[in-house]
Amino acid sequence: MSPADASTPKPETPEPAILEPATPEPQRPESRPRGMDSAPALLSVRGLQKSFDSTRVLESIDLRVTRGEVLVLIGPSGSGKTTLLRCLNGLEIADGGIVDVADELSIDFSSTPSKKTLAALRDRSAMVFQHYNLFPHMTVLENIIEGPVMVQRRPRAEAVREALELLDRVGLTEKKDNHPFELSGGQQQRVGIVRALALRPQLLLFDEPTSALDPELVGDVLTLMKELAAEGWTMVIVTHELQFAREVAHEVAFVDGGVIVERGNPELMFGSPEQERTRQFLHRLLFPF
Amino acid sequence: MNQSEWDLLLSSFWPMVQGALVGTIPLALASFAIGMVLAIIFALMRLSKVKLVSGVARAYISIVRGTPLLVQLFVIFYGLPSIGLVFNPWPSAVVAFSINVGGYAAEVVRAAILSVPKGQWEAAYMIGMSHRRALTRIILPQAARVSVPPLSNTFISLVKDTSLASLILVTELFRQAQEVAAFSGDFMLLYLEAALIYWIICLMLSSGQGLLEKRLDRYVAR
């Protein structure tokens, strides 16, 4: 299933899936369609480096994400995981390394990429922010169609129709004419996700999407993300929600000190991590006091 | 107050209000409109990474804020003719007040642009916008809301400052007061009357400001 198809809710679904209770038994990554096993990488990162002034934030990052795969990045704050994610959307410009997207775009950061190249990178991915970053002067609907209409030059009527379908599936149809400040944090973040989906990206990036939410609002957002994963969206997620990572991720990477210390399937990473640093980090998260 | 003072007060009231309607208010509105265009241009120049561009804006703002408005007005009306540039009183006043408002409001607009959270730029870039489009579609509309209170103050100051135009022969509220006063000799009464009319105009403006702020306050990212 292509992401564009995935963004359209199936008409035969009577209820938005978000309203259904979460499945009691978590879906295991293995039980999920993974596409072709030999699927080529949708995203491939080699030797990515980034410094702020003299501080090295990313040492040399290698990543590979195939189509339909969910990669979860975990790690202590300041480890570089958010910077890594932002480099994938061109919000930070890496100092070195190569980012390939789907065999059609290859960016070598050893020289500063042109605006056009950055635009191409942003065109292929969409980001969901920790603090939602919805546009406060626009209604929910305007927030969603701004990119499709103003940037991608799609017909307004089509963009509106698609936005309303997406809003319907996250159960926020009646909020379409409200402004972001009238919504709860969880509702705002679901609009943030819809805004990203409406761009029809190949790759969805999530930067701690539930960290700013009150605990009782986290569930709705995570449920929606789980559905997107099950639909075959390719996702890179930075999160501290370990239980969620265990259920959704095909691969988990532990980032610390600007390098990927260890990676593997969630079973392995949460069950028996090899590296001492990984073990310490997980222990601290699971037993904070 | 005796009968003749009352008569003077009433008979001078309409000429003064007329002065406000044909002089003070249109002068303030025209100067503010042009001044805001200048302000946005110079605010953006001031934020430019190109040193020369920001330097020009910095100099403009510094000169406007560092010299008296009355001197600016006199340079334009009495000074420029000596190098062959002759403006009538009204255009001279509009030019001087526009340049003046442009300088003050440029700083307000710059601060307002900087006050929009960085995440708004990032979200705009994320959905694929260029710098220019992010500025016009996302940042400036929010900056506009932030700058309503300080710009309202600038506008109210401008309304009062237009009284200086009486010194370059523009027919406006205060010049009308001066003319009646010169004729009747009752300076205290007539200048207090002029003050009262200015005060009423400003009261109306600041209540308008309050309403506007209440309406716009909600749509600002925090």
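Okay, housekeeping. Residues are numbered from 1 along each chain as its sequence is written, and chains are lettered from A and ligands numbered from 1 in the order in which they are written. Since this is a predicted model, local features need pLDDT of at least 70 and side-chain atom pairs count only at pLDDT 80 or more, while totals for chains, interfaces and linings use all residues.

On scores: the model has ipTM 0.84 and pTM 0.82.

By helices I mean DSSP runs of H or I with at least four residues, and by strands runs of E with at least two, numbered from the N terminus. Read along the sequence, chain B goes α-α-α-α-α-α-α-α-α. Its C-alpha trace spans about 70 × 45 × 25 Å along the principal axes. Of its 222 residues, 40% count as buried. Buried here means 20 or more other C-beta atoms within 10 Å of the residue's own; exposed means 12 or fewer, partly exposed is in between, and the C-beta atoms are placed from the backbone.

Now, contacts: two residues are in contact if their C-beta atoms, placed from the backbone, lie within 7 Å. Take the contacts in chain B between residues at least 6 apart in sequence: 75% of these join residues at least 24 apart.

How do the chains meet? 18 residues of chain B are in contact with 21 residues of chain A. On the chain B side, the elements giving two or more residues are α5 (118–126) and α6 (131–146). α5(B) gives the most, with 6 residues. By type, that side of chain B splits into 10 nonpolar, 4 polar and 4 charged. For the sorting, Ala, Val, Leu, Ile, Met, Phe, Trp, Tyr, Cys and Pro are nonpolar, Asp, Glu, Lys and Arg are charged, and the others, Gly among them, are polar.

Next, the inside. In soluble globular proteins, nonpolar side chains tend to be buried together. A nonpolar core here is a set of buried Ala, Val, Leu, Ile, Met, Phe, Trp, Tyr and Cys residues joined through C-beta atoms within 7 Å. The largest one has 119 residues, and A:Leu73, A:Leu205 and A:Val236 touch the most other members. Helix α4 (residues 89–115) of chain B gives the most to this core, with 13 residues. Leaving out residues up to four places away in sequence, A:Val236 touches residues including A:Val65, A:Leu85 and A:Leu203. There's also a second, separate core of 10 residues, with B:Ala20 and B:Leu190 among them.

Over to chain A, and an open sheet of 4 strands in the order β2-β1-β4-β5, with antiparallel pairing. Strands pair if DSSP finds at least two bridges between them. The edges are β2 (55–66) and β5 (105–108), each pairing on one side only. Inside the sheet, 5 bridges join β1 (residues 41–52) of chain A to β4 (residues 96–101) of chain A, with A:Val45 standing opposite A:Val99. Another 4 bridges join β4(A) to β5(A), where A:Ile98 has A:Asp108 as its bridge partner. The hairpin of β4(A) and β5(A) has 3 residues between the strands, and A:Ala102 takes a positive phi near 50 degrees.

Last stop, β9 of chain A. Are its residues buried or exposed? 6 of the 6 residues in β9 (residues 251–256) are buried, so the strand is largely enclosed by the rest of the structure. In a regular strand the side chains alternate between the two faces of the sheet. For β9(A), both faces are covered: A:Glu251, A:Ala253 and A:Val255 on one side, A:Val252, A:Phe254 and A:Asp256 on the other.

Which strands does β9(A) pair with? With β3 (residues 70–74) of chain A, the pairing is parallel over 4 bridges, and A:Leu71 has A:Glu251 as its bridge partner. With β10 (residues 259–264) of chain A, the pairing is antiparallel, with 5 bridges, and A:Ala253 partners A:Arg263. The hairpin of β9(A) and β10(A) has 2 residues between the strands, and A:Gly257 takes a positive phi near 60 degrees.
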